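Me: Hi! Could you walk me through this model, starting with the overall picture and then the aromatic residues?

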Amino acid sequence: MSSSDIEVWDVFSGIGKGQRIPGQSATIMLNMPLDFQVYDMFWKATSIHICADGGTNRLFDSMTECPQKRNEYLPDFIVGDFDSIRPEVAKFYKDQKCTFRHEPDQDHHDLEKCLALLASEFTAVHAAEIIAKPVVYVLGSMGGRFDHTMASIGVLFKKDITDVLRPILISTMSAAWMLNPGVTHIIKHNRRESSSADDTTADGVSLVEGPTCGLLPVGAPCASVTTTGLKWNVTDDRLEFGGLVSSSNAVIPGVDITVSTSHPLVWTVEMQLPGSLHQRML
């Protein structure tokens, strides 16, 4: 199997180390409340930071108890039709000379606008530095209103985006991204047999994937899916809603996962992030 037949997903091993991950990367912040530690760990790991309209309020409010930090976390871009950003929040970031991109188009939601800007920014400005497709962490993209979650999942099916970027949808309890056909996907994950000092990052923040995961045939049936490294593998199986769906599967600590699929397939994995509902339930 040649390297062109393989796509490796090692998207979280560098998060929370207090330094930027290799290659080009970005964080997009949507209009969902998250703990400041979550913003901080992804912010420090990525090279470009974008707030989508109301997401600016969420970033601003996450530092209510430490307002002096707001000057250290200034987005490179604030994008949207600006129907959600509060006036005092807009004034603060305008005073800090942040770049506002007014996009009034109502046929595309704010996440699409942010990703379109990133695709243009990476290809036009950073093209010489790009070796692999940039990873884009989309914070607050799932877990709120169902229509918003589905709109976020919908962008994973846009080839004009996924041909240029690798968007990773992030909620307080899970992550999701698209596995496209034509290659074997190798998914690496931060999962250990038991919690230990190694589960804590350099900033004292825990980020652990799993154990629960799933393969979701959103949009259309997947005629053939084969996996290794899961608790319950599938072999040349058809996945479809109304038939077999590999939800509530599980990763195995220390074992990489491989997935081959005949059609676009959404991979999702449980996440344990600071301040998450998952942690409060433990």
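Reply: Happy to; below we go from the overall fold to the rings and the charges over them.

Me: Great. How many helices and strands does the protein have?
Reply: This is a predicted model, and the protein in it has 7 helices and 15 strands.

Me: And what share of the residues is buried?
Reply: Buried residues account for 50% of the 282 in the protein. The exposed surface comes to about 13,000 Å², with carbon and sulfur atoms supplying 52% of it.

Me: What about contacts between residues at least 6 apart in sequence: what share joins residues at least 24 apart?
Reply: That share is 70% in this protein.

Me: On to the rings. How many aromatic pairs turn up?
Reply: Searching the whole structure gives 10 aromatic pairs. One of them is Phe42 with Tyr137, a tilted pair with 5.1 Å centre to centre and 55° between the planes.

Me: Where do Phe42 and Tyr137 sit?
Reply: Phe42 is in helix 1 (residues 36-45) and Tyr137 is in strand 6 (residues 135-139), so their pairing ties together parts 95 residues apart in sequence. Both Phe42 and Tyr137 are buried. They also belong to one aromatic cluster with Trp9, Phe12 and Trp177.

Me: How are Phe92 and Tyr93 arranged?
Reply: Phe92 and Tyr93 pair edge-to-face, 4.9 Å centre to centre with 85° between the planes. Phe92 and Tyr93 are both buried.

Me: Switching topic: which charged residues lie over rings?
Reply: Among them is Arg70, whose charged end sits over the ring of Phe60, 3.6 Å from its centre. Lys94 lies over the face of Phe100, at 5.3 Å from the ring centre.

Definitions and conventions. Residues are numbered from 1 along each chain as its sequence is written. This is a predicted model: local features need pLDDT of at least 70, side-chain atom pairs count only at pLDDT 80 or more; totals for chains, interfaces and linings use all residues. Side-chain values use heavy atoms; hydrogens and water are left out. Helices (H or I, at least four residues) and strands (E, at least two) are DSSP runs, numbered from the N terminus. Buried means under 20% relative accessible area, exposed over 50%, partly exposed in between (1.4 Å probe, protein chains only). Contact means heavy atoms within 4.5 Å. Accessible areas come from the Shrake-Rupley method with a 1.4 Å probe; for residues, only the protein chains shown count as cover. Rings of Phe, Tyr and Trp (its six-membered ring) pair if their centres lie within 6.5 Å; planes under 30 degrees apart count as stacked, over 60 as edge-to-face and the rest as tilted. A charge sits over a ring if NZ of Lys or CZ of Arg is within 6 Å of the ring centre and within 35 degrees of the ring normal.
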